[in-house]
Amino acid sequence: MTKELKPHERTRQIMVGDVPVGGGAPVAVQSMLNAAADDVAANLAQIQALAEAGCEIVRMAIPRRDCLDAFEAVCAASPLPVVADIHFDARIASEAARRGAAKLRINPGNIGGLEATREVIAAAREAGIPIRIGVNAGSLDDALAARDDLTLPEKLAASAAEYVRFFQDECDFFDIAVSAKAHDVQTTIDTYRLLARDLPEVPLHIGVTEAGTAFQGIIKSAAGLGVLLEQGIGDTMRISLTDDPVVEVRACWTLLGALDLRRRAPELISCPTCGRCQVNLIGLAQEVEERLASVQKPVKVAVMGCVVNGPGEAADADIGVACGAGSGVVFSHGKIVRKVQESEIVSALMEELENL
């Protein structure tokens, strides 16, 4: 029996710099720079931090024409492909393509209309780079937004489909990806399901836009993107947070790891504590989590409060500790390795982790 392809395996593959997107390639992790657009050093420092966290594609806003020189300098020195994010000015988008952008992100609806978009497409074609068509719930075409016979997901999907037809049928340009974002989780899920059905060949960039600060934003993004990714929808992703972009990248990898789609960083397994716990387990788990932030092994690390939730329930962990009265036993794959005092638990755990 022939295996049925998932949506992300059916999309056309495009290249963003040296990163393959679509066509069954691993879901690429993206983030967006938030340093001043004219500050080359600040943007490059942020890109380096993002690269170390596992980011694969970065996006940089170009709000003014006088930021193009800085954008060009960032592209020239960046270890990651840089996507140019432009609104309202098609000439900035065209110039960004000539200045080293690995991809352009535009919304034809606010870049000056379809005729202005032709200029951008021509520049991208000449540069040999793709374009992401990005539509948002807050910036729909007025005529489409006013229709009462369509739901918001249907409006977003229809808007994206209209632009795709223009790019492909009228401009013979197929090097495209699509995003259609909303801040509402269910709207996001419904919209991308429609896009995967109606535009099966087009790579999709998924995300819940304006999701909020880290606590709310990660929960909303995990709820929405988790559903889509589990169904095979999404070729690139961003978890958008009002926070340090590095936190976005860590959240992306944690979600991909939880779904067993891609693993880069350790997974922390820790119990919720109860009256049997005789150590400061919350503090221990938080310290271990901080120490694991710089580790790039796809391992499972367990911090358990007592023997009830010790080596038995966490037997599949690569390394872990089960705590007792002011002490803990370090175990690996369910087998006890050593016993240490509470003050030595974290250092012992990290030492054993280095030996794996």
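Author: One term to begin with: two strands pair if DSSP finds at least two bridges between them. Also, this is a predicted model.

Reader: OK, bridges. What is the bridge partner of alanine 322 in strand 14?

Author: Valine 329 is the partner of alanine 322. Strand 13, residues 319-323, is joined to strand 14 by four bridges, and the two run antiparallel.

Reader: How many residues lie between strand 13 and strand 14?

Author: Three, and the two strands form a hairpin. Glycine 326, in the turn, has a positive phi of about 70°.

Reader: And how many bridges between strand 14 and strand 15?

Author: Six, again in the antiparallel sense, with strand 15 covering residues 335-341. Glycine 328 has valine 340 as its bridge partner in strand 15, and serine 327 has glutamine 341. Strand 14 and strand 15 also form a hairpin, with two residues between them. In that turn, histidine 333 has a positive phi of about 50°.

Reader: Which order do the strands of the open sheet have?

Author: The order is 11-12-13-14-15, which makes five strands with mixed pairing. Strand 11 and strand 15 each have a single partner strand, so they stand at the edges and one side of each has no neighbour in the sheet. From one strand to the next, the twist averages 20°.

Reader: Back to strand 14. How many of its residues are buried?

Author: Six of its six, over residues 327-332. In a regular strand, side chains alternate between the two faces of the sheet. In strand 14 both faces are covered: Ser327, Val329 and Phe331 are buried on one side, and Gly328, Val330 and Ser332 on the other.

Reader: What lies across strand 11, strand 12 and strand 13?

Author: Helix 11 does, running at about 165° to strand 12, which is residues 300-304.

Reader: Where is cysteine 271?

Author: Cysteine 271 is in the loop between strand 11 (267-270) and helix 11 (281-292).

Reader: Is cysteine 271 buried or exposed?

Author: Its relative accessible area is 11%. Buried means under 20%, so cysteine 271 counts as buried.

Reader: Which residues does UniProt list for "binding site"?

Author: The unreviewed UniProt entry lists Cys271, Cys274, Cys306 and Glu313 under that heading.

Reader: Last one. How many residues are in the largest nonpolar core?

Author: There are 79 residues in it, and Leu104 and Met237 have the most contacts inside it. Helix 7, residues 152-170, gives the most to this core, with eight residues. Another core, of 30 residues, lies apart from it and has Cys277, Leu284, Val295 and Val299 among its members.

Reader: What does leucine 104 touch?

Author: Leaving out residues up to four places away in sequence, leucine 104 touches several residues, including Val83, Ile86, Val120, Ile131 and Arg132.

Definitions and conventions: Residues are numbered from 1 along each chain as its sequence is written. This is a predicted model: local features need pLDDT of at least 70, side-chain atom pairs count only at pLDDT 80 or more; totals for chains, interfaces and linings use all residues. Side-chain values use heavy atoms; hydrogens and water are left out. UniProt positions are given in the numbering used here, feature names are shortened, and annotations may be inferred rather than shown by experiment. Buried means under 20% relative accessible area, exposed over 50%, partly exposed in between (1.4 Å probe, protein chains only). A nonpolar core is a set of buried Ala, Val, Leu, Ile, Met, Phe, Trp, Tyr and Cys residues joined through side-chain atoms within 4.5 Å. Contact means heavy atoms within 4.5 Å. Axes are lines fitted to C-alpha atoms, for helices over the stretch in contact, and angles run from 0 to 180 degrees between N-to-C directions.
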